[in-house]
Amino acid sequence: MSIFSERIKGFLGLSGPYSEAASYLASHDYNDEYIEMLRAARENAKGKKREEGTALIAQGLLFKGELKAAAEEFSACDPRKLPKSVGHIFVNNRILCLFLLDRFREADEVYREYNSLALGEKTVAMRRTIGIREHCAGRYENAVEIFVKALSAADRRHTVMVDLCLVRSMLRLDMYERAGEIAKKNFSAYYGKGELTALVKKAEMKIQTGARSTFKGKKKKRK
């Protein structure tokens with residue numbers, strides 16, 4: 001079972017229209033069957049339960065690596081109609097999704113509109129959002145510091161995608177060696193996940209290219 005599956009289990013809950021999907025996710029990773037189970041359950045849900053279904057589908061697509069499709073589902077859900085603890089997770093994950101898609105302006109708009117939810121609980125997801133905002137503002141040193149602290153959380157399940165955010169900020173500062181260490185240790189979790197895989201491969205390529213350039217620069221200086 002992946003860290004992503006572990007992270008969302010509490011969000012799904014063990015009762016209600018999405019309990020079957022919760023049971024499935026407990027022993028599987030995010031996949032097409034899981035998303036279809038959620039869609040089918042949402043068809044028969046009403047009111048806030050239907051809204052919860054959209055939130056679950058959005059986050060399922062995000063962790064599955066379908067970022068563009070996830071962004072569409074995120075935009076179709078009003079987090080104020082979700083339970084507070086669920087709304088907090090949802091808003092921070094929506095900001096993450098937009099950040100990974102380089103849609104910084106939209107991420108800022110979501111943050112401003114749902115600020116009280118985004119910062120409502122002192123969690124790793126909240127700190128990740130603060131780091132994302134620093135990155136989007138061009139304050140990469142601050143972003144790196146925030147992401148490093150967030151990544152040090154004792155439970156790996158609560159640091160979902162902080163490593164990817166951190167590497168993106170490190171690359172802005174030409175921190176190729178350290179970014180390479182993090183990528184080597186963590187990025188295999190993103191393989192086989194569509195657009196997320198493409199993102200990490202792009203980051204790995206930048207790390208390799210930057211490291212080679214840095215090495216050549218050092219050799220010239222020694223001469």
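A residue counts as buried when its relative accessible area is under 20%, as exposed when that area is over 50%, and as partly exposed in between, using a 1.4 Å probe and protein chains only. After α11 comes aspartate 174, which has a positive phi, near 60°.

A word on the model itself. The structure is predicted, so to speak of a local feature takes a pLDDT of at least 70, and side-chain atom pairs count only at pLDDT 80 or more, while totals for chains, interfaces and linings use all residues. Numbering starts from 1 along each chain as its sequence is written, and side-chain values use heavy atoms, with hydrogens and water left out.

Now for the overall layout. The chain has 13 helices and 0 strands, where helices (H or I, at least four residues) and strands (E, at least two) are DSSP runs numbered from the N terminus. Of its 223 residues, 48% count as buried. Contact here means heavy atoms within 4.5 Å. Among contacts with a separation of 6 or more, 60% come from residues 24 or more positions apart.

What about the inside? In soluble globular proteins, nonpolar side chains tend to be buried together. A nonpolar core is a set of buried Ala, Val, Leu, Ile, Met, Phe, Trp, Tyr and Cys residues joined through side-chain atoms within 4.5 Å. The largest one in this model holds 66 residues, and Leu62, Leu100 and Met161 touch the most other members. Helix α6 (residues 84-100) is the top contributor to this core, with 9 residues.

Helix α4 (residues 47-64) contains glutamate 52. This glutamate 52 is buried, with a relative accessible area of 16%. Setting aside neighbours within four places in sequence, glutamate 52 is in contact with Tyr18, Leu82 and Pro83.

Helix α4 also pairs with helix α5 (residues 67-75): their axes come within 8 Å and cross at roughly 160°. Axes are lines fitted to C-alpha atoms, for helices over the stretch in contact, and angles run from 0 to 180 degrees between N-to-C directions. That crossing makes α4 roughly antiparallel to α5 (under 35 degrees is roughly parallel, over 145 roughly antiparallel, 65 to 115 roughly perpendicular, and the rest oblique). On the α4 side, Thr54, Ile57, Ala58, Gln59, Leu61 and Leu62 meet Leu67, Ala69, Ala70, Glu73 and Phe74 in α5. Sorted by class, this contact has 8 nonpolar, 2 polar and 1 charged residues; Ala, Val, Leu, Ile, Met, Phe, Trp, Tyr, Cys and Pro count as nonpolar, Asp, Glu, Lys and Arg as charged, and the others, Gly among them, as polar.

Further along, the axes of α9 (residues 124-136) and α10 (residues 140-151) come within 7 Å and cross at roughly 165°. That makes α9 roughly antiparallel to α10. Here Val124, Arg127, Arg128, Ile130, Gly131, Ile132, Glu134 and His135 in α9 meet Tyr140, Asn142, Ala143, Ile146, Phe147 and Ala150 in α10. By class, the α9 contact with α10 has 8 nonpolar, 3 polar and 3 charged residues.

Threonine 123 lies in the loop between α8 (115-118) and α9. With a relative accessible area of 21%, threonine 123 is partly exposed. Threonine 123 and alanine 150 are 27 residues apart in sequence and 8.9 Å apart in space, C-alpha to C-alpha.
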